[in-house]
Amino acid sequence: MTAEIIVKKPAGKIAPNLADYGVVQAEFSWDAARRSLDGLPHGGGLNIAHEAVDRHAQGSRADHLALRWLGKSGAVRDFTYRDLALETSRFANVLAGLGVQAGECVFVLAGRIPELYITVLGALKQRCVVSPLFSAFGPEPIHTRLALGSGSVLVTTASLYQKKVAGLRERLPQLKHVLLVSDDGGRTAEPGTLDLATLMREAGPRFTIGPTDPEDRALLHFTSGTTGKPKGAIHVHQAVVAHHATGALALDFHSTDVFWCTADPGWITGTSYGIVSPFTHGITSIVDEGDFDAERWYRILSEQQVSVWYTAPTAVRMMMRGGAELARGHDFPHLRFIASVGEPLNPQAVLWGRDAFGLPIHDNWWQTETGGIMIANYAAMDIKPGSMGKPLPGVDAAIVKRAADGAAEVITAPDVQGELALKRGWPSMFRGYLNDDERYRKCFSGEWYLTGDLAKRDADGYFWFVGRADDVIKSSGHLIGPFEVESALMEHPAVAEAGVIGKPDPMQLETVKAFVALKPGFEAGEALRRDLLGFARKRLGAAVAPKEIDFIASLPKTRSGKIMRRLLKARELGLPEGDTSTLESGT
Ligand code: WT7
């Protein structure tokens, strides 16, 4: 734990929403947070898209800039809240016109293009369950998720469709409608698909959102575990209460803000904070289609007058590599709050923010399952660099240990390592893993949701991340399930078995490394290694595929036949092997 504490005084003209942590924590209630939203007219319930779009379009912020889209090659498209309301209504009408009903699952597979934002919000208006997929996924992860979610509609681009989806259609019998966005502005004409632009032109711009129960399913985000298939975490419309509250408390949104969340909506940060939260506040959101590029990012922060910036440790580390001098070539007079999420934020990175921008970086913590920020460093609270901060008002967090019978026992003494747990009841808590009640139940012990993260709490109430309790890999902020990678490798005719680990990496936190045992008759060597790397990349996509493959005679396994990834990792890093009492002999 770092000794330096950054003591912050409320600075500038804008007073932080959360000025005194203790006071807000004592006064906060989720009921009051719910009342700061509108709800659907005539007691129609609570719908994310109404809170994010329609209520602003019907009010004084109709002409306020909602979304500024920066294209990869310099194009700019602006949408006011009125524009967003009309476009999202058109898409809701497109779905209704196709006969797509409330509750059906709509997948969106696209880069960060305006259509992604419009179709996600439009589908929420039609009360469909929406699942945005990362566009760098390969065909296998796409197939797995569409099949698990029984997607009946897919919105994607013509090029992504040709490359990744067309070949899967036979294996996706539930997929009724594929709507394509053209890559060049022309009309798309793939067999078995519809042209989205044509449908949008033909659809009406008015749509009345039907009654939405706050507990109706709204968003589906897949996340990975150590074993088995990806888990579809289900979120309900009521989650918007947490999206809104955390925007105010943890990201300190004010009505004049220009906000930039650098995450892709294929991961939950890019949906909760790249779509929902800023729009519920009626503020301006920047969306950059381009990939990370330090110089481009400094330019965006400066030219777009970004005031609140939410990014990830990997990006911060990559910017640090370029040196703070790069930042000094730009002015950031509007920037007043920087936050980061996804992996541990090194203390040096917190401090680097001060060198580069004159502002520390505020780490915060949450998960796909929590739906929104749960632990944070707030604008007016002193920072202990390296700490995730304190629980959100309204959230009860504790360090627990699991007793032999599975019960969670709260550890009250400070600085003791245990599992991070959250008391159930916050609005954006996931309501289930799709078709997997058993796995969902296992995440809870009585009132506590067990996060699977190891952490400590210090005497001042700050939480410190220690590590994960499982073998899941974190690379560039993205969670990768080793099992999904192993399964893809196993499909190669030469592979007898595969074990996959996260190998520590100074930039990406971890990179995916695979150990492969070959079937008899196949010879380990450079040619096969390259073939396997290419094979995995083609199936899994660049974001998930292993970067390194080592051949190994056989994988270390427990006597019950489970691959001991921890041992593979310890051996890779030259670390002590730990408890190997369950190791099958000879491995
Ligand atoms: C896991 C959740 C947060 C939404 C995006 C990722 C790790 C997250 C931090 C942090 C250390 C962090 C945890 C967590 N993580 N934030 N500030 N410090 N670790 O959501 O893909 O579901 O990943 O990311 O291990 O459990 P996710």
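In which helix is histidine 50 found? Select histidine 50 to begin the tour, and you will find yourself in helix α3, which covers residues 48–57; here helices (H or I, at least four residues) and strands (E, at least two) are DSSP runs, numbered from the N terminus. This is a predicted model, in which local features need pLDDT of at least 70 and side-chain atom pairs count only at pLDDT 80 or more, while totals for chains, interfaces and linings use all residues. Residues are numbered from 1 along each chain as its sequence is written, and side-chain values use heavy atoms, with hydrogens and water left out.

**Histidine 50**

At 5% relative accessibility, histidine 50 counts as buried, a word that stands for under 20% relative accessible area, with exposed meaning over 50% and partly exposed in between (1.4 Å probe, protein chains only). Show its surroundings and, leaving out residues up to four places away in sequence, you will see that histidine 50 touches Asp38, Gly39, Leu40, Pro41, Arg55, Gln58 and Ile209, where contact means heavy atoms within 4.5 Å. For a sense of distance, select alanine 324 as well: the C-alpha atoms of histidine 50 and alanine 324 are 42 Å apart in space, and the two residues are 274 residues apart in sequence.

Next, select arginine 112, which lies in the loop between β3 (105–109) and α5 (114–125). Arginine 112 is buried, with a relative accessible area of 11%, and a polar atom of its side chain lies 2.8 Å from the backbone oxygen of aspartate 288. Such a polar contact is a pair of N or O atoms within 3.5 Å; within protein, one must be able to donate a hydrogen and the other to accept it, and residues adjacent in sequence count only if both atoms are side-chain atoms. Not counting residues up to four places away in sequence, arginine 112 touches a list of residues that includes Trp69, Tyr117, Ala263, Asp264 and Glu289.

From there, move to alanine 263, in the loop between β10 and α10 (268–280). Is alanine 263 buried or partly exposed? Its relative accessibility is 21%, so alanine 263 counts as partly exposed. Apart from neighbours within four places in sequence, alanine 263 is in contact with Arg112, Thr269 and Gly270. A distance drawn from the C-alpha atom of alanine 263 to that of glycine 274, 11 residues apart along the chain, comes to 6.7 Å.

**Two positive phi values**

Most residues other than glycine have a negative phi. Select serine 150, in the loop between α6 (139–148) and β5 (153–157), and you will find a positive phi near 45°; serine 150 is partly exposed, at 34% relative accessibility. Then select aspartate 252, in the loop between α9 (239–249) and β10 (258–261), where phi is again positive, at about 55°. Aspartate 252 is buried, with a relative accessible area of 3%.

**Helix α14**

Now select residues 347–357, which form helix α14, and colour its buried residues, Ala349, Val350, Trp352, Gly353, Ala356 and Phe357. If you look down the axis of α14, these buried residues fall within an arc of 160°, so they line one face of the helix; the arc is that of the directions from the helix axis to the C-beta atoms. Among the elements that the buried residues of α14 pack against are α11 (294–303), β12 (308–311), α12 (313–322) and β14 (361–365). After α14 comes glycine 358, with a positive phi near 75°.

**The ligand**

Finally, select the ligand and the 17 residues around it, of which Asp363, Asn364, Thr368, Asp453 and Lys474 come nearest; a residue is near a molecule or strand if one of its heavy atoms lies within 4 Å of it. A nitrogen atom of the ligand lies 2.7 Å from a backbone N or O atom of asparagine 364, and an oxygen atom of the ligand lies 2.9 Å from a polar side-chain atom of glutamine 367. Taken alone the ligand exposes 550 Å², of which the protein buries 97%; these areas come from the Shrake-Rupley method with a 1.4 Å probe, and for residues only the protein chains shown count as cover.

Which strand gives the most to the shell around the ligand? That strand is β14, with three residues. End at threonine 368, in the loop between β14 and β15 (375–376), which is buried, with a relative accessible area of 13%.
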